[in-house]
Amino acid sequence: MDKFEKLTGIAAPLPQVNVDTDMIIPKQYLKTIKRTGLGVNLFDEMRYDEQGNEKPDFVLNQPAYREAEILVSGENFGCGSSREHAPWAIKDFGIRCVIAPSFADIFFNNCFKNGILPIPLPQEKVDILMKDAEKGANARMTVDLEAQTITTSDGEVISFEVDPFRKHCLINGLDDIGLTLEKAASIDSYESQAGQQRPWV
Amino acid sequence: MTGKTLYDKIWDAHLVDHAEDGTCLIYIDRHLVHEVTSPQAFEGLRMAGRQVRAPEKTIAVPDHNVPTTQGREIVANMTEESRIQVEALDKNARDFGINYYPVSDIRQGIVHIVGPEQGWTLPGMTVVCGDSHTATHGAFGALAHGIGTSEVEHVLATQTLIQSKSKNMKVEITGQLPPGVTAKDITLSVIGKTGTAGGTGYVIEYCGEAIRALSMEGRMTVCNMAIEGGARAGLIAPDEKTFEYVKGRPHAPKGAQWEAALSWWKTLYSDDDAHWDKVVTIRGEDIAPVVTWGTSPEDVLPITEKVPAPEDFAGGKVDAVRRSLDYMGLTPGTPLQDIKIGAVFIGSCTNGRIEDLRAAAEVLKGRKLADGVRGMVVPGSGLVRAKAEEEGLDVIFTDAGFEWRLAGCSMCLGMNPDQLAPGERCAATSNRNFEGRMGRGGRTHLMSPVMAAAAAVTGHLTDVRELTAETV
Ligand code: SF4
């Protein structure tokens, strides 16, 4: 997995609540059997018209935000399906960090597995960052995972919380499966014990 | 010491490892797999040279992307992309030796219908699947939730999942439901009350007299939509109805094992002195037949109401409502019953079981689809379909003018040609009314099977109580 340590980049504002996984990547793109190549279809129905032409007013189509690496959005981001295609599309586009007042549970988990840092913050803090993001390409934000801070283009510092285990994995680019397999002995002993207690499973 | 909730009990029974920072390793009893969210996980296993740790606990079935028309077992009749995913699942199931129900097998169907039907889902288990509606299996008192593809790979390789524990939420539905009100109305009404993020961070246990009174199938409908309320999972404590439903299913325990299982299952309930982090209580008598009007499952109102205005809401929801009314082509103040529809979809893991089909057929018996309305019934599994045919329900549907399809997810997510046209408005028994969910530009109103059947007959959203009152 790609490491995430510190990121300075353009933040795109998407001030909308309940951005769901069907918006992030509509189902016609779930037919792939690969993890890559979904970035061009990120936010497909908001980004392109029916002929496939870009809609100029959508944020990621504006020249200032084409290279965005951070996304600032509204409550309950990523609600809906468990499709990991959503974080794959976000990452493939080049976004490595999403900031919102709250996230849907499965999407939140999926981000960490793909080197994306989701940051939940109180609404007032998100409002500050949303304003900063609206300034366009010159306003670069810095997200420092080690220090757990976001620095706006004006130098205002906002700190955030992150689960220590997930932080550790993200900073070191650790693969969960490898870590879990180190505990194979515990899994073995659980299995033999549970096999006696609940043999019907 | 305070008592434990049902969730606490299942969690404790599956804890493999508990790290100091609070992250836990949870053992997974059943892993369900389908064609859309698994190919990358199997690819990952191959690349790392790993095996499936417990193939006997892993069950695969193609459902999301399969055609629901006759002749689909002939590969040439699938779209190129469906074929690639279905063939990938065929190969993966074979190579890794997992249980498999291909499209040619009568037991094939929507994964959340197949699991319970075959007795794979049992009380007290942990059940996961790369699909958010895994919550359905919670109806058996199993801890069941959706996972992403990386987690699918993790479970395949290790039979465990890294988790942190959720909080406990109790949703109690007291008393009795009025006539015409169903499990779907309960689950939609709960989301209407708590919002789509109201359950975030929680596992919900549904309880109360109205829940106890539901059949197992109704309970599955309720738990199915726990995820739409933001919860990780929804649970209902097992009781005699649960045991009765499970008994004799192909993969349910038998003989002495059945007795042993039963005595453990009977301990699976929340203790009286258990701690709840959040409690929501709704009177069964206060629940009405509901429909959704917007593009979020929380946009729900009794059928007797009117389309709301953006100004009726606060905060970020004002813009969201403006956007969704625009998308849905609705004007504030319009009575919900005046909304005309062009399509009806009966099916999905929420309402694609035999009781759902019976309930819809009961309303449709001797009636016809309204002019200009198309209807589609997609049974949740091949066995549901066969049972319905045995009872003659297929004849009622086709006489009414509905298409009688083969089992799959179909229009619920519109991955294959089963889609709404842009602007087409549909009365649907599924669980998501998101923009573009059932087809680009398609407009979805969620409701129960009887409400969808009533709308089919009149051509507009309809209070089923009025329609059925006419006939008695
Ligand atoms: S029927 Fe719909 S909600 Fe259920 S598993 Fe299939 S696509 Fe998902």
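Two strands count as paired if DSSP finds at least two bridges between them. Helices (H or I, at least four residues) and strands (E, at least two) are DSSP runs, numbered from the N terminus. By that rule, β2 (residues 24-27) of chain B runs antiparallel to β8(B), joined to it by four bridges. B:Tyr27 stands opposite B:Thr160 in β8(B).

This is a predicted model: local features need pLDDT of at least 70, side-chain atom pairs count only at pLDDT 80 or more, and totals for chains, interfaces and linings use all residues. Residues are numbered from 1 along each chain as its sequence is written, and side-chain values use heavy atoms, with hydrogens and water left out.

**The sheet.** Three strands of chain B form an open, antiparallel sheet in the order β1-β2-β8. The edge strands, each pairing on one side only, are β1 (15-18) and β8 (160-163) of chain B.

Contact means heavy atoms within 4.5 Å. Axes are lines fitted to C-alpha atoms, for helices over the stretch in contact; angles run from 0 to 180 degrees between N-to-C directions.

| Helix | Strands touched | Angle |
|---|---|---|
| α8 (residues 184-197) of chain A | β1, β2 and β8 of chain B | about 150° with β1(B) |
| α5 (residues 149-158) of chain B | β2 and β8 of chain B | about 130° with β8(B) |

**The interface.** In chain B, 69 residues are in contact with 54 residues of chain A. Nine salt bridges are counted between chain B and chain A; each is a side-chain nitrogen of Lys or Arg within 4 Å of a carboxyl oxygen of Asp or Glu. One of them joins B:Arg437 to A:Asp22 (3.6 Å, N to O).

Terms used. Chains lettered and ligands numbered in written order.
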